[in-house]
Amino acid sequence: MDDCVFCKIIKGEIPAKFVYQDEDMVVFPDIKQQAQTHLLVVPKKHFLDLNDTPDEIILKIKNKILELSKGMGDYRVVINGAAAQEVKHLHVHLLGGVL
Ligand code: AMP
């Protein structure tokens, strides 16, 4: 998607510091940090939202989030949808530490 900010990050056209990446997803800090740790877990392929994303990808994201959340203490996982979703490329917020 040409006008998608997360597709541009994945293609390296917009800078982001990847803390993890594999063939399916990237993980990088949210630019507007809302907790001690605030990561976005984003599939490399453009899916609009939770409804649009295959179960296989959701499962991989879930497992990565469980791994990343270890050692964070308290954590919160957020997926915004509909009008609450600003960036129309599925992403999962992982907020950890002091919430
Ligand atoms: P939402 O779609 O409502 O779940 O929120 C999108 C999130 O993406 C917001 O928390 C933004 O701060 C974040 N965001 C937007 N552009 C960037 C960027 N270039 N790098 C990192 N995070 C971003």
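The model is a predicted one.

Start with the ligand. The ligand sits in the largest pocket. Around the ligand there are 15 residues, and D30, E86, V87, H91 and H93 come nearest. This shell divides into 8 nonpolar, 4 polar and 3 charged residues. Two elements each supply at least two residues of the shell: helix 1, which spans 5–11, and strand 2, which spans 25–29.

Now look at single contacts. A polar contact here needs a pair of N or O atoms within 3.5 Å. H91 places a polar side-chain atom 2.6 Å from an oxygen atom of the ligand. N80 also uses its side chain, with a polar atom 2.9 Å from a ligand oxygen. I31 uses its backbone instead: an N or O atom there lies 3.1 Å from a nitrogen atom of the ligand. How much of the ligand does the protein bury? Taken alone, the ligand exposes 510 Å², and the protein buries 89% of that.

Next come the aromatic rings. Two rings pair if their centres lie within 6.5 Å. By this rule there are 2 aromatic pairs. Take F6 and F28. Their ring centres are 5.7 Å apart and their planes stand at 75°, so this pair is edge-to-face.

Methods
Residues are numbered from 1 along each chain as its sequence is written. This is a predicted model: local features need pLDDT of at least 70, side-chain atom pairs count only at pLDDT 80 or more; totals for chains, interfaces and linings use all residues. Side-chain values use heavy atoms; hydrogens and water are left out. A residue is near a molecule or strand if one of its heavy atoms lies within 4 Å of it. A polar contact is a pair of N or O atoms within 3.5 Å; within protein, one must be able to donate a hydrogen and the other to accept it, and residues adjacent in sequence count only if both atoms are side-chain atoms. Accessible areas come from the Shrake-Rupley method with a 1.4 Å probe; for residues, only the protein chains shown count as cover. On a 1 Å grid over the protein atoms alone, a cavity is a set of points where a 1.4 Å probe fits but cannot get out, and a pocket is an open set with protein on both sides within 12 Å along at least five of seven lines; lining residues have an atom within 4 Å of a point. A molecule sits in a cavity or pocket if more than half of its atoms lie within 2 Å of its grid points. Helices (H or I, at least four residues) and strands (E, at least two) are DSSP runs, numbered from the N terminus. Ala, Val, Leu, Ile, Met, Phe, Trp, Tyr, Cys and Pro count as nonpolar, Asp, Glu, Lys and Arg as charged, and the others, Gly among them, as polar. Rings of Phe, Tyr and Trp (its six-membered ring) pair if their centres lie within 6.5 Å; planes under 30 degrees apart count as stacked, over 60 as edge-to-face and the rest as tilted.
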